[in-house]
Amino acid sequence: MKFNKFFAIAALAFTAVFSSCNFDELDIDPNRATGSPANLILNGVLNNMWENAWTQEQRYNQYWCINYNYYGTNEYWSGAASTDYTRLKNVIKMEEEATRAGGAAVNPYSALGKFFRAYHFVNMTQKFGDLPLSEALQGLDIQAPVYNTQKEIYVQVLNWLDEANTDLASLIAKGGQKADGDWFYSGDLAKWQKLVNSYKLRVLLSLSKKEADADLKVKARFAEILGNPSKFPIFTGMADNLVFIPSSSIPSFYYRKNPNNYGFDALRENTSKLYIDLLKEFQDPRLFIVAEPAEAKVKAGVNPTSFDAFAGASTGEGLDDMAFNAQKGEYSLISRKRFYATYAGEPVTQVGYQEMCFNIAEGLNRGWATTGSAEDWYNKGILASMSFYGLKDGVNNVDFLKLGGKLGEFNSYPVNVDFTAYLAQPKVKYAGNNADGLAQILKQNYLAMAQSSGLQAYYNWRRTGIPAFLTGVGIGNQGKIPLRFKYPNAEYNTNKANVEAAVTRQSFTNDDLFGKMWIIQ
């Protein structure tokens, strides 16, 4: 009995002890973080935005060509592209963590979040057309979101940008507000506000075919920015640019044009005919910075600093022919001095002052506002691009690889640059607010965006046809340039009814690569 009584008492004690325990707490690792600070998430959000130079996208923009099929081709895409929804989930998490940490309803991360939403939805809709927006990013609550029209997306994008500008202005007025984790602008909200409005100008110009739409108010919004700079501050110089600087020493920002890769890439990549011919047409000194004179022409006696010494390959040329001609030295290779000589990467501008100048010039050319001169902004854009390449009035030294020389063996040549004379050339001097002036703006904008701004040069061509992109067997797709990407296969697997409804609504037969989305109709 005593033995049984002992066990009865022990059992009661055991029950009492463990009934007071919360076993769920035992599943929680006290050493493992349950959340991430907003500033750390912002770091990743910014990392997801960056674009590199010398990518496939820049071949689609027809700035350069590859002449060796082991490393790639000059063909355009024939299928789908990826979406940015995973990146947007990080934006939402950043906003949530800022609030969870005690941030006010309007805080630096919530304001920037509106810009990031606009940026990523524009990136996606430019590729595909209609997309899920109002029901997107709802997790398990809505697993098959309906597709919003492209117009609805742009209405929301413009509202986000307006809200971001307002929120940033209020935060700046309070003082002491900063976005920690920002390695672009070091948390400076005033610079972010300039970016928001300068980017908005890009968005408005992308809607040029919808300038009369009453809901979008394209012309009124454009005029408002130019007419009220205190409310809508914009870039005032190149120092305001949203720019990445790749590095060969940082894996996540890898710059592959460096001395280590010179032996792999140097002879397999050359400049494009469209890019080189435009520079030659304008007798443009930027040509001497970005390209090497064609070896065959120099051997034939052409002066290396003559515009006649340069030639690019047509993106539409068959790859076998391009390889054969490149081996004969008929094409200009990319500059060894600027792009290969060091491990420092080519700065990659995502949204830049030079592009903004041309966007303003284009809007003024189209009669969207009366504040400012299209010619003045056009000239500012050209000079800003010249400064990006280190060119200045007077004598500039340019370096070309010696014939048969190794990397680092350069010949230096003096080239005189006169900006006043350049701008006065008949083909460069602004022709006025007419079709010719518009073409000049678009061509100079194309030159200024070389190796930068993602697919923006392609989007401008798709919208305006200027400059005229080159076609042929080398671009694939029966010699036609696609006008959009197909929707991802994952959408057909998980959201079939809604994606098929969107394809039908937009008249994209079989998710057609050549279907015209609303923005370019």
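Predicted model: local features only at pLDDT ≥ 70, side-chain atom pairs only at ≥ 80, totals over all residues.
Is Asn260 buried or exposed? Its relative accessibility is 52%, and exposed means over 50%, so Asn260 counts as exposed. Its side chain also has a partner: a polar contact of 2.7 Å joins Asn260 to the side chain of Tyr343. And if you look for Met238, which is 22 residues away along the chain, you'll find 30 Å between its C-alpha atom and that of Asn260.

Next, the surface. Tyr68, Tyr70, Tyr71 and Phe264 together make a nonpolar patch of about 480 Å². One of these, Tyr68, belongs to the loop between strand E1 (64-66) and helix H5 (85-100). Tyr68 is partly exposed, at 37% relative accessible area.

Now for the salt bridges. How many does the structure hold? There are 25 salt bridges, and I'd like to show you some of them.

Start with Glu281 and Lys443, whose closest N and O atoms are 4.0 Å apart. Glu281 is in helix H11 (residues 273-281) and Lys443 is in helix H19 (residues 435-448), so this pair ties together parts that are 162 residues apart in sequence. Both ends are partly exposed: Glu281 has a relative accessible area of 30%, and Lys443 comes in at 23%.

Now turn to Asp284 and Arg286, whose side chains meet in a salt bridge with an N to O distance of 2.6 Å. Why do we call this pair buried? Buried means under 20% relative accessible area, and Asp284 is at 0%, while Arg286 is at 1%, so both count as buried.

Another buried pair is Arg463 and Glu362. Their side chains form a salt bridge at 2.7 Å, N to O. Arg463 lies in helix H20 (residues 456-464) and Glu362 in helix H16 (residues 353-365), so here the parts tied together are 101 residues apart in sequence.

Last stop: Lys93, Glu97 and Arg100 are linked in a network of salt bridges.

How values were computed. Residues numbered from 1 in each chain as written. Heavy atoms only, no water. Patch = residues over 30% accessible without salt bridge, like charges linked within 9 Å, V, L, I, M, F, W, Y side chains within 5 Å. Areas by Shrake-Rupley, 256 points an atom, 1.4 Å probe, with all protein chains shown as cover. Helix = DSSP H or I, 4+ residues; strand = E, 2+ residues; numbered from the N terminus. Buried < 20%, exposed > 50% of the residue type's maximum accessible area, 1.4 Å probe, protein only. Polar contact = N/O pair within 3.5 Å; in protein donor to acceptor, adjacent residues only side chain to side chain.
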